[in-house]
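Subject: Structure handover

Hi,

Here is the structure I promised to pass on. Please open it alongside this note. My findings follow below.

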Amino acid sequence: MTEEMARLRREAVSGKMEKDRAALETLFHFPENQDIQLREIQCQGSRVCAVFMDGMVRSSQVDDFIVRAVQRAGAPMPEEGRGKYLITQVLNVAQAQAEAELGKICDGVLGGMTAVLAEGADTAVLLDTRGFEKRGVEKAGNESVVLGAQEGFTESIRTNLTLLRRYYQSADLVTEMLSVGTEAPLKVAVVSVEGITNPRALEILRKRLRKIRCGAVHGIGQLQQLIEDSPWALVPQMLMTERPDRAAAALSDGQFVVVADCSPYALIAPCSFFSLLQASDDAFSRWQYGSYMRVVRFLGMLISLLLPGLYLALTEYHTFLIPVSLLTTIAETRANVPFPVYFEMLLMELSFFMINEANLRIPGQIGTSVGIIGALVLGQTAAEASIISPILIIIIAISGLGCYCMPGHSFTIMLILYRLGIEALCLALGLYGLCLAVALIVCQVCSLQSFGWDFMTPLAPHRPHNPDLIVRLPAFLQRKKVYARQGEKT
Amino acid sequence: MILSIRGCEARPLSAAMVAARAFIGVSVVTLEYFNTGWICILGGFVLALPLALMIDLPGKGRFMAGTRLRKPAWALVFALAIYECTVLTRLILKSTLYCGLDQLQPLGTTLVTLAFCGLMAVKNGRGLGNGARIWGIVFLVLFSLVVLSQVENFQFYWLFPILGPGVRSLARGCLETAGALAGAMTPLLFREDETGGKHCALRSLSAGCAVATALCLYEALMSPSLAMGSASQISVLDALLANGRASLALMLPIVVLWFTGVFATLNGYGFTGAAALQGMTGLDGRVCVWGAMGLILILTLTEISSRKWFHIVEMGEYLLAICATVLLRIGKRRASP
């Protein structure tokens with residue numbers, strides 16, 4: 001944005017139609033920019049101009065409640081307080097506000113509002129006429145559950161906030177609207193619950209949002225990278241969800257929710273390692289079922305992380321630790337394989353990642369076929385051709401399954417990357433390498449913070465908490481305020 | 001970067017170090033206490049109590065008083081930590097040789113070990129302390145698994161005779177263990193606040209000693225005292241890891257427990273050494289960490305050995321830790337009139 005434009009944005013409405021109109025035309029690059037509409041209307045002899053963005057407004061609303069209402073005004077406009085007069089006497093739109101600063105008027109118009117300027121008025125009127133095309137509320141696609149609510153967030157910030165309000169119906173629910181980015185501001189809403197959300201964490205968030213100096217922030221994923229505590233860490237320190245029920249549950253646990261325009265996800269913080277392992281149907285089902293699912297998920301995570309590395313360490317260095325019968329089986333299956341174990345593993349891991357990526361990118365119907373081709377053709381044929389041993393295929397398949405037990409996509413990717421690191425160290429140092437890698441990962445994860453809260457809380461350091469980490473006990477035992485709530489010890 | 005650790009993080013770190021270091025001291029490094037190692041730990045615990053109580057005396061802050069006494073105190077802690085790190089790094093080298101990793105180059109293994117130790121120290125007290133707590137939980141799970149699967153093989157009469165190597169030798173063992181315990185409590189000297197709760201040092205000492213005693217008892221219940229006849233570190237480690245009778249599958253958790261335990265202790269001492277160096281010199285934390293690691297690397301790979309004076313050095317650790325704590329305490333009192 002040039003200095004001239006920035007100065008213009010700070011200016012106030014002058015009340016002179018020609019000057020204000022020219023200023024808005026400059027700001028919107030009219031007439032090159034054909035999307036902006038400046039519609040002049042006569043109101044009992046006074047000039048009025050409606051400014052809106054084509055496609056962002058509902059045309060019928062502009063026609064019926066602005067243009068027609070101004071044309072049919074019963075009396076001439078008064079000399080003083082024309083803005084207020086238009087809101088109270090002429091315009092038939094429920095949500096209307098007077099705004100003097102040209103920059104804010106400009107932002108409103110970009111967001112789908114209609115600005116009404118009147119000759120002699122020192123304020124413009126911003127009217128809510130938003131009516132752009134958007135996707136409806138649909139089933140959450142990437143975070144599906146068997147039991148529980150099925151709705152997912154959409155790309156519209158307004159719809160997402162409405163969904164949140166529906167799931168958390170309290171007068172204490174507070175929504176702060178702000179924008180980030182200097183050139184193409186992104187609308188962001190910070191949702192918290194007065195009296196429950198931790199104020200310290202909220203203050204940290206506000207500070208970080210204010211510090212963002214990017215020209216444009218592309219979606220909530222980039223926003224997360226700009227505001228989380230350790231952007232260099234592999235572990236995500238904010239929970240990204242597409243489920244409003246999960247976001248509402250986080251609000252009642254003292255966490256805040258960040259929603260951004262054009263992103264069908266919400267960010268939840270402060271979050272702990274354990275919340276990344278939890279899914280929303282854990283709490284919806286009976287406590288025994290929920291606990292069972294979590295334990296399976298936790299074991300899946302451990303298997304996915306450690307199994308390939310362990311296999312590599314045992315077969316390369318510590319064959320004496322493998323029971324003889326299993327050792328014989330491994331030796332028999334590997335007898336005809338010409339490659340060393342690590343090369344086999346690398347080959348298999350690469351194939352797995354490629355099948356996975358191809359499945360994601362290829363359109364729906366073909367994607368399924370790629371999965372089948374990958375599993376049958378590559379796996380079976382490679383084993384038959386003695387390129388890869390069947391045991392290794394089983395190990396990679398199990399660790400891959402373990403990865404996909406995780407509720408969040410970013411957590412899955414994190415596991416894969418850590419797994420590769422562990423495999424490398426196991427190849428170099430055997431079981432000792434495995435211990436070193438695990439120690440470093442644990443230390444790294446334990447050193448993280450999420451908006452001022454230790455990432456491994458409430459386990460390390462220990463904090464009072466509900467019996468709801470890996471094993472979830474019945475709801476009637478969950479009486480303690482959870483760790484993130486205000487008033488709890490930090 | 002300032003190397004710091006909160007009370008709630010120093011406590012589990014110190015407890016983990018106490019447990020691992022006491023066990024290593026009585027069961028692997030000094031063989032003659034073999035089946036009476038658990039008595040040495042209990043004796044060492046009693047001797048280390050005054051130090052724990054002194055560390056627990058009220059007074060906030062990093063024990064840094066800004067007096068002339070501060071630097072010599074940190075120098076003592078630094079010397080103690082570097083010595084311990086060198087011993088532990090050499091022990092890791094020996095363990096890797098035994099555990100099927102004999103084709104590894106000592107230099108490579110030491111470099112990787114110290115690089116990881118340095119990386120973890122750079123993560124500061126939060127990572128190390130909280131990591132030690134997680135290690136404690138993993139340890140309990142793995143150890144319970146090991147004990148439960150071997151309970152039918154336990155031979156209680158292998159715990160006797162209680163006075164095994166003789167009263168004089170046992171007394172020396174208690175003193176040496178006290179030295180090991182005193183060294184393992186030094187991270188508590190750096191704690192920034194009192195979030196570890198009241199009697200932080202006492203609690204970590206008690207918890208660590210309880211775990212180490214359980215480990216020693218477990219080892220004694222599984223191995224006849226005759227094992228000390230063929231006294232070599234490798235044979236004892238063999239008895240510990242494989243035990244002659246332990247099932248193959250069981251060796252895996254024991255090997256993992258061993259490596260993680262020794263590495264956790266090394267990390268604790270590495271951090272303590274670096275923090276003491278920072279206390280002495282006022283340099284940036286990263287410089288201190290990598291400086292300390294470099295020194296440990298040199299000492300590990302040199303031919304210098306303290307085997308001749310080992311018993312004296314171990315007992316001397318006790319005195320060193322007490323001296324350092326007293327110096328810091330005096331400094332504290334003078335600084336806050």
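Let me start with the domains. Chain A is assigned three of them: domain 1 covers 3–127, domain 2 covers 157–271 and domain 3 covers 285–450. Between domain 1 and domain 2 of chain A, the C-alpha centres are 32 Å apart. Please keep in mind that this is a predicted model.

Next, the interface. On the chain A side, 33 residues are in contact with chain B, and 32 residues of chain B take part. Chain A and chain B bury about 2800 Å² between them. Carbon and sulfur atoms supply 78% of that area.

Two salt bridges run between chain A and chain B. A:D454 makes a salt bridge with B:R6, with 2.6 Å between the closest N and O atoms.

Which elements of chain A give two or more residues to the side that touches chain B? They are α12 (287–316) and α17 (409–447). The most comes from α17(A), with 16 residues. By residue type, this side of chain A has 25 nonpolar, six polar and two charged residues.

Two single residues are worth a look.

The first topic is A:T114. This residue sits in strand β4 of chain A, residues 114–118. Is A:T114 buried or exposed? Its relative accessible area is 0%, so A:T114 counts as buried. The cut-off for buried is under 20%. The A:T114 side chain makes a polar contact with the side chain of A:T129, at 2.7 Å. A:T129 is also among the residues that A:T114 contacts beyond four places in sequence.

What does B:E314 contact, leaving aside its neighbours within four places in sequence? The partners are B:R21, B:Y83, B:E84, B:E176, B:G179 and B:A180.

When you have the model open, I would start at the A:D454 and B:R6 salt bridge. Then turn to α17(A), which gives 16 residues to the side of chain A that touches chain B.

Best wishes

How values were computed
Residues numbered from 1 in each chain as written. Chains lettered and ligands numbered in written order. Predicted model: local features only at pLDDT ≥ 70, side-chain atom pairs only at ≥ 80, totals over all residues. Heavy atoms only, no water. Contact = heavy atoms within 4.5 Å. Buried area = accessible area lost by both parts, 1.4 Å probe. Salt bridge = Lys/Arg side-chain N within 4 Å of Asp/Glu carboxyl O. Helix = DSSP H or I, 4+ residues; strand = E, 2+ residues; numbered from the N terminus. Nonpolar A, V, L, I, M, F, W, Y, C, P; charged D, E, K, R; others polar. Domains from an automatic or database assignment. Buried < 20%, exposed > 50% of the residue type's maximum accessible area, 1.4 Å probe, protein only. Polar contact = N/O pair within 3.5 Å; in protein donor to acceptor, adjacent residues only side chain to side chain.
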